[in-house]
Amino acid sequence: WAGNAFEWTKRIDEINYNVFGHRKFRDTQREVINATMAGHDTLVLMPTGGGKSLCYQVAALALPGLTVVISPLIALIADQASALDGRNVRVGVLAGCASDDQRRATLSDIASGSPQTKIVFTTPEMVTASDALKGALARCNDRGNFSLVVVDECHCVSQWGHDFRSDYLSLNIFKNSFPNVTVMALTATATPPVAIDIIKNLGLSANYQHFTQSMNRPNLFYEVRPKTSKATVKDIVAFIRTKFHNKAGIVYGFSRRECEDVARQLYAARIPALHYHAGLDPSARQNVQNKWMDGRVKVIVATIAFGMGINKPDVRFVVHYTMPKSMEGLFQEAGRAGRDGLDAHCLVYFSYKDKTRIESLIDRNTETSWVQKREEKSKIAHVVRYCLNKVDCRRFLQLAHFGRTFDPAKCASTCDNCASSAIFAKVDVTKHARNLVTLVKTACKELHRPVTATQVAACYYGSSSKPLVTAGLTRLAQAGAGRGLDRDNINRIVQHLILDGVLSEFSKSRPGPHRGVSTYIQPGSKANAFLDGHTGPMIIAV
Ligand code: ADP
């Protein structure tokens, strides 16, 4: 599809230059546009900043009839529509950000069957709810004036994705009702199972074309640092001061309170920072966003409510103060850095405690099923493995998650692991891992009280602190068998055993003066198979 001798080639080149001011297409843009012009449905995977919007905008202007763009976010719709309006493209908006009058006018223009509007933006909710819209589109289609449907952020149609939205499921109405209208589905992140879901749930035709722009972002440096509750904000301050003084960045926090806290601390350290989260009223949010966009405030401390569709090219760093909830989230959020192609830094602070914190929130969510909870936890486990890994190239790990190959030699020291001069090695720790599982098993059986991961690691290390003695842990046969090992490494083995299901965690109220809920560990579903040697050796980077 890369050819430039199609009957529409001159036209799309002219649109690219005259309307958008670009002399060239980027990698895969021309291919996507050509396939669309030829009437093929397409699934387009391009990383954030890759230039997805241009694909559908040029195709929409080159095709004879109307293009409908479905996008999940009003803010995104408003931005795109006003940018196109500024380029003298006739756009209509059927979403909350347009006035009643504007919406009525757009709808009646479409209902005429020969609309003046070239591109109409709407939301999946509107598609589900509005019979008037469906009727109007049918009239266009009857007259041959309905050319293209664009599903932006199409990973939302998949339950395996990290951002499933049930209204997206109704989007199969397009292929069902208008099989002749081409569909272009766009996303920045889709693992192979998500891609399969997109194709199935949108009902893409059998000859659909799949386009993938390289997901490697060579200008981004990836790093993971340990998170310690007190020192981390200080570390962020030093990171910004030394490397990114007066540069734009995003710090992602887990909760509203966390964002407010971190923003306050940064501000106190004289780094102009503001918080942003769904709890702010819309005008305050807009205000914060504007200040950041035009550079009056350099750093925004936000929940993941912030970012989708925000196109600030010169973001120099993205920090995850709390680890992201999925590899997809990590890739997408970190991907907001360096859209201008210049170097940028993506830093994740990791603490195992955060995993427990996020999981307890998942457990408490009354709106999700058991299956969804399990799915969400398995996504977190991927991120934890990524963070615990101190050996493999981070680009390799991220891209492997999306089913892509990447030669770590090409990373050229642009991630902490490839750049590190520390010698980490992959070591077979099966013997210690078995000892630790036996220790947990015996403790659960003999002590009649639950044990925590920290206690188990300390006991194996040989600690004889009073709480361990009181709990009876120091009497167990494996106590002290890990003497001589690095304590962090013992913790890491326990964490891997939990991730692998050999040990499992459970929460229980803690009696006594320090009442609260604690997380304890016990043998997991795979404990016996592991002890009997039915699973492979345990090899981790230490
Ligand atoms: P995405 O939607 O994939 O995140 P965008 O469509 O917002 O990416 O594009 C990112 C940036 O790249 C925008 O500033 C856009 O103007 C620019 N861009 C897109 N295509 C081209 C091109 N062919 N030539 C130059 N700049 C481009």
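Two residues are in contact if their C-beta atoms, placed from the backbone, lie within 7 Å. This is a predicted model, in which local features need pLDDT of at least 70, side-chain atom pairs count only at pLDDT 80 or more, and totals for chains, interfaces and linings use all residues. Residues are numbered from 1 along each chain as its sequence is written. Helices (H or I, at least four residues) and strands (E, at least two) are DSSP runs, numbered from the N terminus.

**Confidence**

- The protein chain has a mean pLDDT (the predictor's confidence in each residue, from 0 to 100) of 91, and 99% of its residues reach 70 or more.
- Among the elements of the chain, the highest mean pLDDT, 98, belongs to strand β5 (residues 146-151), and the lowest, 80, to strand β17 (residues 539-541).
- The model has an ipTM of 0.98 and a pTM of 0.75.

**The six-stranded sheet**

- Strands of a sheet pair through backbone hydrogen bonds, either parallel or antiparallel.
- Here six strands form an open sheet in the order β8-β13-β12-β9-β11-β10, and their pairing is parallel; two strands count as paired if DSSP finds at least two bridges between them.
- At the edges are β8 (220-226) and β10 (273-276), each of which pairs on one side only.
- From one strand to the next, the twist averages 15°.
- Strand β13 (residues 344-350) runs parallel to β8 and is joined to β8 by seven bridges; F221 has H345 in β13 as its bridge partner.
- Helix α12 (residues 282-293) lies across β10 and β11 (299-302), at about 140° to β10. Axes are lines fitted to C-alpha atoms, for helices over the stretch in contact, and angles run from 0 to 180 degrees between N-to-C directions.

**A helix pair**

- The axes of helix α5 (residues 100-111) and helix α7 (residues 131-142) cross at roughly 35° and come within 7 Å.
- On the α5 side the contact is made by L107, I110 and A111, and the α7 residues include L133, A136 and L137.
- By class, this contact has eight nonpolar residues, one polar and one charged. Ala, Val, Leu, Ile, Met, Phe, Trp, Tyr, Cys and Pro count as nonpolar, Asp, Glu, Lys and Arg as charged, and the others, Gly among them, as polar.

**Around the ligand**

- The ligand is surrounded by 16 residues, the closest being H22, G51, K52, S53 and L54; a residue is near a molecule if its C-beta atom, placed from the backbone, lies within 6 Å of it.
- Helix α3 (residues 52-62) gives the largest share of this shell, three residues.
- The shell has four nonpolar, eight polar and four charged residues.
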